[in-house]
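Colleague: I'd like to learn how to read charged side chains in a model like this one. Can you walk me through it?

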Amino acid sequence: MADRYTKTETGRAEIRARVHALTRTARNLLLIIDPSRDGANWVSMVQGASAADLQTLVDAGLVALLGGPSVVPSVPPSEPEPSTAPAPATAPGALEASSLSYSDLYDLLPSLAKQHLGLMKGYRFVLAIEKADGLVGLQSVARDLLTEIERAKGAAVARSARRALLLP
């Protein structure tokens with residue numbers, strides 16, 4: 001379990017649709033798992049979770065070893081087709097200036113939330129990320145995350161997070 005895991009497209013769809021009959025611990029593990037830590041670390045963070053819960057997720061194709069054969073760098077199905085028209089700025093310093101794609105934001109935001117806000121507050125943002133509708137929805141969550149990081153950790157840490165999001 002020292003390997004790092006990532007959600008598959010099937011795992012992302014499962015979070016939204018709840019098709020599989022997962023135990024509460026397995027579902028919680030699915031919600032928080034990302035490549036920032038190894039499998040044993042994630043299992044230890046979910047009360048009552050065991051290696052069997054992680055294996056259940058792997059067997060169901062909901063998570064996969066990072067860099068494993070079942071991890072295909074593809075765009076999640078809920079992402080709309082890219083538009084050639086520039087997105088309108090909705091706030092000063094809006095995230096639309098970022099060159100990050102939907103997939104990049106989807107992968108980066110959970111680790112930023114957990115790194116800067118801790119597991120519990122970060123978990124709230126993971127749920128918001130999973131509910132976000134397309135690139136615009138993720139950009140909205142990212143703006144909220146940057147605001148929360150600045151409120152909790154200060155302007156210097158927020159600037160660091162903005163740089164991670166490839167923002168000026």
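This is a predicted model: local features need pLDDT of at least 70, side-chain atom pairs count only at pLDDT 80 or more; totals for chains, interfaces and linings use all residues.

Colleague: Which side chain does Lys-114 meet in a salt bridge?

Modeller: The general idea first: side chains of opposite charge can pair when their charged atoms come close. Here Lys-114 pairs with Asp-34, with 3.1 Å from N to O. This pair links distant parts of the chain, since Lys-114 sits in helix α5 (residues 102–131) and Asp-34 in the loop between α2 and α3 (39–45), 80 residues apart. Asp-34 is buried as well, with a relative accessible area of 5%.

Colleague: How many salt bridges does the structure hold?

Modeller: Seven. Take Arg-27 and Glu-14 as another one: their closest N and O atoms are 2.9 Å apart.

Colleague: Are Arg-27 and Glu-14 buried or exposed?

Modeller: Both Arg-27 and Glu-14 are buried.

Colleague: Which residues are linked with Arg-12 in a network of salt bridges?

Modeller: Glu-9 and Asp-107; together with Arg-12 they make up the network.

Colleague: Now for a charged residue without a partner. Where is Asp-53 found, and what is the nearest side chain of opposite charge?

Modeller: Asp-53 is in helix α4 (residues 51–59). It is buried yet has no salt bridge, and the nearest side chain of opposite charge is Arg-27, 11 Å away. For a salt bridge, the side-chain nitrogen would have to be within 4 Å of a carboxyl oxygen. As we saw, Arg-27 forms a salt bridge with Glu-14.

Colleague: Which backbone nitrogen lies 3.0 Å from a polar atom of the Asp-53 side chain?

Modeller: That's the backbone nitrogen of Ser-50.

Colleague: And which residues does Asp-53 touch, leaving out those up to four places away in sequence?

Modeller: Thr-23, Thr-25, Ala-26, Leu-29 and Gly-48.

Terms used. Residues are numbered from 1 along each chain as its sequence is written. Side-chain values use heavy atoms; hydrogens and water are left out. Helices (H or I, at least four residues) and strands (E, at least two) are DSSP runs, numbered from the N terminus. Buried means under 20% relative accessible area, exposed over 50%, partly exposed in between (1.4 Å probe, protein chains only). Lys and Arg count as positive and Asp and Glu as negative; His and the chain ends are not counted. A polar contact is a pair of N or O atoms within 3.5 Å; within protein, one must be able to donate a hydrogen and the other to accept it, and residues adjacent in sequence count only if both atoms are side-chain atoms. Contact means heavy atoms within 4.5 Å.
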